[in-house]
Amino acid sequence: MTGSSSYSLIKSGKNHTIIVKALLYYRERMGTMEIEIIQGDITELKVDAIVNAANKSLLGGGGVDGAIHRAAGPELKEACRKLNGAETGEAKLTKGFNLPASYVIHTVGPVYRDGNHGEADKLKACYANSFKVANEHDLKTVAFPAISTGIYGYPLEEASKIAVDTVMEARNTATSVEKVMFVAFDDRTKGVLENQLAY
Ligand code: AR6
């Protein structure tokens, strides 16, 4: 494309309006996302989506996964069956059924071995892909548990840094998400998340 043709594109009234609208739209959706830490039970939150720290079967388990399935009721398991499982780092959406949350984003965190088996990249993918799914469905409020830090044994400080850094990165993109909540089930998780967010 020559310089003059790009100039005429911008100068032409209609295209100019489109470009300005696109820029405004991008600005509106960027950089305004709130981040909050709350302590409590994620199943009680009335948000657009709660994220589930699931296993590859997506059919339920212990920890936060068990709590979400119990609170959502048996329809959640039926909906999950249709998803045919997920790989570590992937994220898939279902409705929330009996939960106050409208949707559940199921993601599979890595089992922590020694940190040399791609755990960090996989955990990062959980947050990034959950965020992507939320954006694709135009969701505005999303609550994350501390993925992989329970039964899957990920060291809390490292996992919290990845969680906060990945959400901060997503904050700088055009997204439907207006508010992210990090849900700490216990005091220690809350403290570590607060320290991470302070940097
Ligand atoms: N609300 C918020 N956070 C919770 C809740 C709750 N109701 N219950 C537990 N947590 P975990 P993982 C916290 O073990 O390490 C399941 O069997 C918990 O204190 O739930 O990713 C799955 O099926 C911890 O901080 O998930 C998988 O097999 C965090 O949630 C496996 O566990 C994550 O702990 C996944 O293990």
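A residue is called buried here if 20 or more other C-beta atoms lie within 10 Å of its own, and this tour of a predicted model begins with a strand to which that word applies throughout.

**Strand β2**

Select β2, residues 49-54, and colour its side chains by the direction in which they leave the strand: Ala-49, Val-51 and Ala-53 point one way, Ile-50, Asn-52 and Ala-54 point the other way, and all are buried. Because six of the six residues of β2 are buried, the strand is largely enclosed by the rest of the structure.

In soluble globular proteins, nonpolar side chains tend to be buried together.

Which residues does Val-142 touch, if those up to four places away in sequence are not counted? Select Val-142 and look for Val-47, Asp-48, Ala-49, Val-51, Ala-134, Val-177 and Val-180.

**Helix α3**

Now move to helix α3, residues 63-72, and select Val-64, Asp-65, Ile-68, His-69 and Ala-72, which are buried. These residues lie on the same side of α3, because they cover an arc of only 135° around its axis. An α-helix has 3.6 residues a turn, so residues three or four places apart point the same way. If you show what covers the buried residues of α3, you will find that it includes β2, α4 (74-81) and β4 (103-108). Just after the helix, Gly-73 takes a positive phi of about 90°.

**Around the ligand**

Select the ligand and the 25 residues around it, of which Ala-53, Asn-55, Gly-61, Gly-63 and Gly-150 come nearest. The elements that give two or more residues to this shell are β2 and α3, and the largest share, four residues, comes from α3. Colouring the shell by residue type divides it into twelve nonpolar, ten polar and three charged residues.

**Three stops in the loops**

Follow the chain into the loop between β5 and α6 (156-171), where Gly-153 is found. Gly-153 is partly exposed, with 13 other C-beta atoms within 10 Å. Leaving aside neighbours within four places in sequence, Gly-153 is in contact with Val-111 and Tyr-112, and although Gly-153 and Val-111 are 42 residues apart along the chain, their C-alpha atoms are separated by 6.6 Å.

The loop between β5 and α6 is also the place of Ser-148, whose phi is near 75°, a positive value in a residue other than glycine. Is Ser-148 buried or exposed? Ser-148 is buried, with 27 other C-beta atoms within 10 Å.

For the last stop, select Asn-84 in the loop between α4 and β3 (91-95). Its phi is near 55°, again positive in a residue other than glycine, whereas most residues other than glycine have a negative phi. Asn-84 counts as exposed, because it has 9 C-beta neighbours inside 10 Å.

Definitions and conventions:
Residues are numbered from 1 along each chain as its sequence is written. This is a predicted model: local features need pLDDT of at least 70, side-chain atom pairs count only at pLDDT 80 or more; totals for chains, interfaces and linings use all residues. A residue is buried if 20 or more other C-beta atoms lie within 10 Å of its own, exposed if 12 or fewer, and partly exposed in between; C-beta atoms are placed from the backbone. The arc is that of the directions from the helix axis to the C-beta atoms. Two residues are in contact if their C-beta atoms, placed from the backbone, lie within 7 Å. A residue is near a molecule or strand if its C-beta atom, placed from the backbone, lies within 6 Å of it. Ala, Val, Leu, Ile, Met, Phe, Trp, Tyr, Cys and Pro count as nonpolar, Asp, Glu, Lys and Arg as charged, and the others, Gly among them, as polar.
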